[in-house]
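Hi everyone, thanks for letting me take a few minutes today. Please have a look at the structure on the screen, and then I'll walk you through some spots in it.

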Amino acid sequence: MEVYCTRPRCPRPQNHFADLDNDTTLKTTQQKYCISCGMPLMLDGRYVPIKLLGRGGFGAAFLARDRRIPGMRQCVVKQFQPAGNLTATQLQLAQQLFEREADVLAQLGNEHEQIPDLFAFFPVTVQSLQPGQEDQFFYLVQEYIDGQNLEEELVQKGSFSETEILEVLQEILQVLKFVHHKGIIHRDIKPSNIMRRRDGKIFLLDFGAVKQVTTAPASATGASTGIFSMGFAPPEQMAGRQVFPSTDLYALAVTAITLLTGKEAGDLFDAYSNQWQWRSQVNISPYLAEILDKMLLPAANQRFQSAQEVLDVLLVSQQPKVIPPTILPKPPVTTATPATPTTHPVVTRRSSTIRAFSTLELLGGAAFSGFEGALIAIALFSFLRHPIITLSLCALILGVLIFAQTRRWIEGKDLLIIPVITFPLIFFIPLLRGGLQIQQVIVLALAAALLAMALTALFRLIYRLLSLIL
């Protein structure tokens, strides 16, 4: 088993322990130490880092296993690791931010399903690489979200559609509504901090820069600490002044336009005119564009003041309506003629966060269902010898497999792994074949896969034709 050393300057952080490949040994073994630097590897005696996920200015994140939980679930271990050139004051501030993230996750994670749960927070003091000195590290352990962040998703598939952006906005606005109600500002919303789990559920991550809401003036405790992501932070945050719920809404709008255009935030902001120049690069409804423009206004009091306000204007009625000029910013008027209200198209909420299936995915899923269904039917009939009962059980199992595909619990490599496991069982156990030769089993399975693909393609064609006619 590979175990990763968390010491920042370890010369060879990857360690291999063959005995830990056995789960029983892993659960009961004593502490292991890094072969290169002597750092304890099993953090708090239970968390075993296996992979570096990333490093930042104030720490590193590792994928780990919790050996004291049945199944040894995966989790994320975040280490407070400040840069070496920080002053004592900056070091203290960074440590406070890290501890605040633990406090916030403990408060929020257990109360909202789209914020990772906090599992543990603890310090570790070890002998330094410098003789006669000690190093102290702080670790935070939280829920592991298996999926892709939106920055990775953008790189993989290209710019987002309007429908996809509406999904992201509505999901994150619901999270922000909850967070702001708790008196907390996130202050670091960007694509890499929004994660889509494999089943489609969207999570808001990285509360390391959170700020308690305060009414104190900017020169007092309400001032920003200056930690932000360049391009996503609004003017008040970049100037180190007080932050507000509309600060997060600004960053969310920047996130939206970068995903819509596929460009960096810095490429969309015109420093000469001090304005965002993005609308000409996308094809979306004027209604959504005006909402994003209002979220991007430079003055905090000119933007929407809460996540609920944005949700209210997104969730419009099913009939086109005139948006009052008090809700959205007025377009600039270049003549003496007063601007007239504009009728905007409807913006509707998607009923599901599961991404749509491509034609290739549908055909691949159909081939999997047909092939696996034939193998299951052959195996069941060899035992039951009753066609009606066999078909009923086979239909039930196939229904479960198809439902799992629609929820994206089974996808990609899973569609190959499952048949690769099932087929050898029938190949090496003649009893499961019910007297059939292996060549006959292969022919039946392949025929079922081709038939399922043909039926899927036919129904998809009929559906599209009916959609065009109706």
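Let's start with R303, which is buried, at a relative accessible area of 3%. By buried I mean under 20% relative accessible area; exposed is over 50%, and partly exposed is in between, with a 1.4 Å probe and protein chains only. Before I go on: this is a predicted model, where local features need pLDDT of at least 70 and side-chain atom pairs count only at pLDDT 80 or more, while totals for chains, interfaces and linings use all residues. Residues are numbered from 1 along each chain as its sequence is written, and side-chain values use heavy atoms, with hydrogens and water left out.

So what does R303 form a salt bridge with? The partner is E236, and the closest N and O atoms are 2.9 Å apart. A salt bridge here is a side-chain nitrogen of Lys or Arg within 4 Å of a carboxyl oxygen of Asp or Glu. R303 sits in the loop between helix 8 (286-295) and helix 9 (307-314), and E236 is in helix 5 (residues 235-238), so this pair ties together parts that are 67 residues apart in sequence. Helices and strands, by the way, are DSSP runs numbered from the N terminus: H or I with at least four residues for helices, E with at least two for strands. E236 is buried too, with 8% relative accessibility.

How many salt bridges does the structure hold? Twelve. One of them joins R7 and D135, with 3.7 Å between the closest N and O atoms. R7 is in the loop between strand 1 (2-4) and strand 2 (14-16), while D135 is in strand 7 (residues 134-143), so the pair ties together parts 128 residues apart in sequence. Both R7 and D135 are buried.

Now compare K201 and E113, whose side chains meet in a salt bridge at 3.3 Å, N to O. They link distant parts of the chain, 88 residues apart: K201 is in the loop between strand 10 (194-197) and strand 11 (202-204), and E113 is in the loop between helix 2 (88-108) and strand 6. Buried or exposed, what is E113? E113 is exposed, with a relative accessible area of 56%, whereas K201 counts as partly exposed at 22%.

On to a couple of buried residues in helices. A256 is in helix 6 (residues 245-261), and at 3% relative accessibility A256 is buried. Leaving aside neighbours within four places in sequence, A256 is in contact (heavy atoms within 4.5 Å) with I165, L169 and L292. A256 and I165 are 91 residues apart in sequence, but 6.4 Å apart in space, C-alpha to C-alpha.

T390 is in helix 11 (residues 387-406) and is buried as well, at 4%. Again skipping neighbours within four places, T390 touches A377, L380, F381 and L384.

F121, in strand 6 (residues 118-127), is partly exposed at 35%. Among the contacts of F121, beyond four places in sequence, are F98, A102 and Y139.

Let me finish with the whole protein. There are 13 helices and 16 strands, and buried residues make up 45% of the 470 residues. Of the contacts between residues at least 6 apart in sequence, 59% join residues at least 24 apart. Thanks, happy to talk it over!
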